[in-house]
Amino acid sequence: MGIVKAKVKANINFGKIEKKWQKRWEENKVFHAKEESKKKKFYSLEMFPYPSASGLHMGHALNYTIGDIFARFKRMQGFNVIHPMGYDALGLPAENAAIKAGIHPEKYTKVSMKNFTSQLKSLGFSYDWSRAVNTSDPEYYKWDQWIFLKMLESGLAYQKESAVNWCSECKTVLANEQVVDGACWRHEKTKVEIKYLKQWFFKTTEYADELLDKIDGLNWPERTKQMQKHWIGKSYGAEIDFETNGQKFSVFTTRPDTIYGVTFVVFSPYHRDVEKFVTKEQKKEFDKFMKRINSVSEKDASLLEKEGVFTGSYAINPVNNEKVPIYLGNFVVSDYGSGMVMAVPAHDKRDFEFAKKYGLKIKVVIDPVDFELNENKITEAYVGQGTLINSGEFNGISNEKAKDLIVEYLSKKKIGRKSTQFRLKDWGVSRQRYWGTPIPIVYCKKCGAVPVPEKELPVKLPKKVIFGKGNPLLTNEKWISVKCPRCGGNGKRETDTMDTFVNSSWYFLRYCDSNNEKEIFDKKKVSHWSPVDMYVGGAEHACMHLIYSRFYVKFLRDLGLIDFDEPALRLFHQGMLHAEGGEKMSKSKGNGPDPIGTCKKYGVDSLRLFLVSVTSPDKDFEWSENGIDGSSRLLKRIYEFFIHVKIGQNSESLNFEMNKAIKSIGENIENFEYRKATIKLREIFELMIKEEKVQRGVLEDFLKILNPFCPHITEELWEKLGNKEFISLSSWPQFQNLKMNESKKEDLNLKIIDTASKIIHKFEEKGQKIKKVYFYFVPLEFNKVNKEKLMEGLGKEVFIYSVQDKDKYDPEGKSKKARLGMPGIWFE
């Protein structure tokens, strides 16, 4: 046996092959999904991109390659696969481009989408482009507005005052992304202020319990599920009514057992009523503190060193009437509980640090039993279990038991109550920006906030606006001034637009019926395709998009539009691709390879193969020019082999190994173990090239199991074998429970031949010629080995020994490596 050597080197033009098959796929609508198919459906989806002007980056290529391999595999398994693509086209980047370059966001977005689509198609992804969605199209955001009206009708959309970032120079609200080091991104010397404006909210908390309870049933990454649980953050405890200057305010705590140990109360600096508690004497200190705090976001402030300021006011502890000081603290966020906490420094680490810093009283109310806590000498908070002390009638009771007893006491006295709180807060969807979905509300002095009638949707964005002077929508008075839908009097449109996460919270449903102009979607079509069976995207979306989409699905279910509870049955997060040297890829740094340029140099299939060959697709890895060059060389070898291969009977061992590969590679793809699959593909190819002839069925099976990874070259070689249909629509090879001919001795001989062949091939690739092979067998297998078979299979001089043979030739002690099923081996 020997390697097939071509007399004439085959000429392969990757680019020509790619264009040929991409054109044929599109002309024949190979990837168009149809509801009338009798096959079982499979919905494969990757998170849709924002179409930036710079086009695809290598991270996109990785994400979409991972998803495309899976979709192609499922199609070959016999599923009716829907695999759509579209654009999350509204948002801040397009508006920024309009301001910086004087390009209207609509024009910017259309040009970007055209470029993006061309690039995506050039990478050969198996998308059904007939279902594409564009969230900036009024025919799409019309249904965002329709959902808003339905939420309004259901009491899930409402207005309230909320803290926002305000730039006095721009005279507009800034998104968190527009605040850089506490300053406006456009005016670096202008510090951002906190203002309170009336904003629209969606009541996500209405579904908090279900969002939390259903997490464990999701086939999603465990880390993502834990992040969502933390984000929703259900806490059991009590609300306790404190009083100051005759005014009551409620504080939520999960530790009612420590109420007698409260020595101060801390408010969030962002609390709406905070200035009411600041005395004249403390106003100067308060202003200095707020100036420092306002230079960073609330989220970031909570991560800094614990800092606060005394307000000058005191609160009354309702259980013992003790007077305790009221502080502001940067570690209290305004949207947790009531935005204020009771502080028990003896039994809370954070409170202890704060009390020590500001010289505040520390009072012990839990006795550890095993040792004594001295309030004056305590060096750290005691957070363990014990019995209550200094707690009035509850002294001597275990602190765990006291929790319920104290809550009962508070309830009877009407100074507190049992309470459940969530970290999850209602979703503020108002954005004071242009390039978003207009909120369908008209304000009338007589009627208040009036919803725009459904028949008048969509409320379209006006094209004539001025950028760079606050909210651009405020510059078009003609668009703003309208008649009140209710009374016919003069009214004004809402000039806020919706958060762009609104657009992406249900797009996967619109794909099922994207061209429907009469309704949001056909319920039967959505029921047929949904939910998503496999969703691929970044882990950074765990606590925004992936929670908001779950909320939307539950709301639309309750409207009777869909009949399922979750958007995606299974979720996969891809890893991050870094530049060579480990630096994060960035177009601005110019350290990331351009996927289109890379494909022109090495070929699309080479890129696809390389991206999933380096490591598991959920792990981070570095780009390697040598790596993709190696993938390209391998595909050239495969192409050349198929051009010159002689078709005929091959060894039984190759059939056996191919059969095992069909099973293992299928399992690898199903479990996103793509690297393992590519290793097995290389191994099978190395076995094939050792054969004088290879059966047509084996050649076809190899192309099929390679196809999801390298669709273009496999289509070309499939056609060259004489096949008329597309390999992309062929069936995944069937695994056969094969038994080898001859006695069971042959199994061992073939296994040894295959293992030794691989090692010999590696040696000889490096220029080391192997002439002799020595095998060392355990006694149970020594008599089962056929020396002649081994010599015939390897084409080398073979020597066999039992490990117990005292006269064996074993210069490197390889006999010690022998085990049942595999001998020790030495090569010379």
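**Strand pairing and helix packing in the predicted model**

Thr190 touches Cys167, Ser168, Glu169, Gly182, Ala183 and Cys184, leaving aside residues up to four places away in sequence. Contact here means heavy atoms within 4.5 Å. The model is predicted, so local features need pLDDT of at least 70 and side-chain atom pairs count only at pLDDT 80 or more, while totals for chains, interfaces and linings use all residues. Residues are numbered from 1 along each chain as its sequence is written, and side-chain values use heavy atoms, with hydrogens and water left out.

Thr190 sits in the loop between strand S6 (183-184) and strand S7 (193-202). Helices (H or I, at least four residues) and strands (E, at least two) are DSSP runs, numbered from the N terminus. Thr190 is buried, with a relative accessible area of 14%. Buried means under 20% relative accessible area, exposed over 50%, and partly exposed in between (1.4 Å probe, protein chains only).

Several strands are paired. Two strands pair if DSSP finds at least two bridges between them. Strand S8 (residues 234-244) and strand S9 (residues 247-253) run antiparallel and are joined by seven bridges. Ala238 stands opposite Thr253 in S9. S8 and S9 form a hairpin, with two residues between them. Asn245, in the turn, has a positive phi of about 50°.

Strand S20 (residues 441-444) takes part in two pairings, described in turn. With strand S21 (residues 448-451), S20 pairs in the antiparallel sense over four bridges. Val450 in S21 is the bridge partner of Val442. Three residues lie between S20 and S21 in this hairpin. With strand S23 (residues 490-493), S20 pairs over three bridges, again in the antiparallel sense. Here Tyr443 stands opposite Lys492. In a regular strand, side chains alternate between the two faces of the sheet.

An open sheet is formed by three strands in the order S18-S24-S19, with antiparallel pairing. Strand S18 (430-431) and strand S19 (437-438) stand at the edges. Each has a single partner strand, so one side of each is left without a neighbour in the sheet. Two bridges join S18 to strand S24 (residues 497-498). Arg431 stands opposite Thr497 in S24.

Helix packing was examined next. Helix H18 (residues 625-644) includes Asp629. Asp629 is partly exposed, with a relative accessible area of 29%. The C-alpha atoms of Asp629 and Tyr602 are separated by 7.0 Å, although the two residues are 27 apart along the chain.

H18 packs with helix H22 (residues 711-720) at an angle of about 5°, and their axes are 10 Å apart. Axes are lines fitted to C-alpha atoms, for helices over the stretch in contact, and angles run from 0 to 180 degrees between N-to-C directions. H18 and H22 are therefore roughly parallel to each other. Angles under 35 degrees count as roughly parallel. From H18, the contact is made by Leu635, Ile638, Tyr639, Phe642 and Ile643. H22 contributes Ile713, Glu716, Leu717 and Lys720. By class, this contact has seven nonpolar, no polar and two charged residues. Ala, Val, Leu, Ile, Met, Phe, Trp, Tyr, Cys and Pro count as nonpolar, Asp, Glu, Lys and Arg as charged, and the others, Gly among them, as polar.

Helix H21 (residues 696-706) is largely enclosed by the rest of the structure, because eight of its eleven residues are buried. These are Val698, Leu699, Glu700, Phe702, Leu703, Lys704, Ile705 and Leu706. The buried residues of H21 pack against helix H2 (58-76), H18, helix H19 (652-670), helix H20 (674-688) and H22.

Definitions and conventions. Parallel < 35°, antiparallel > 145°, perpendicular 65-115°, else oblique.
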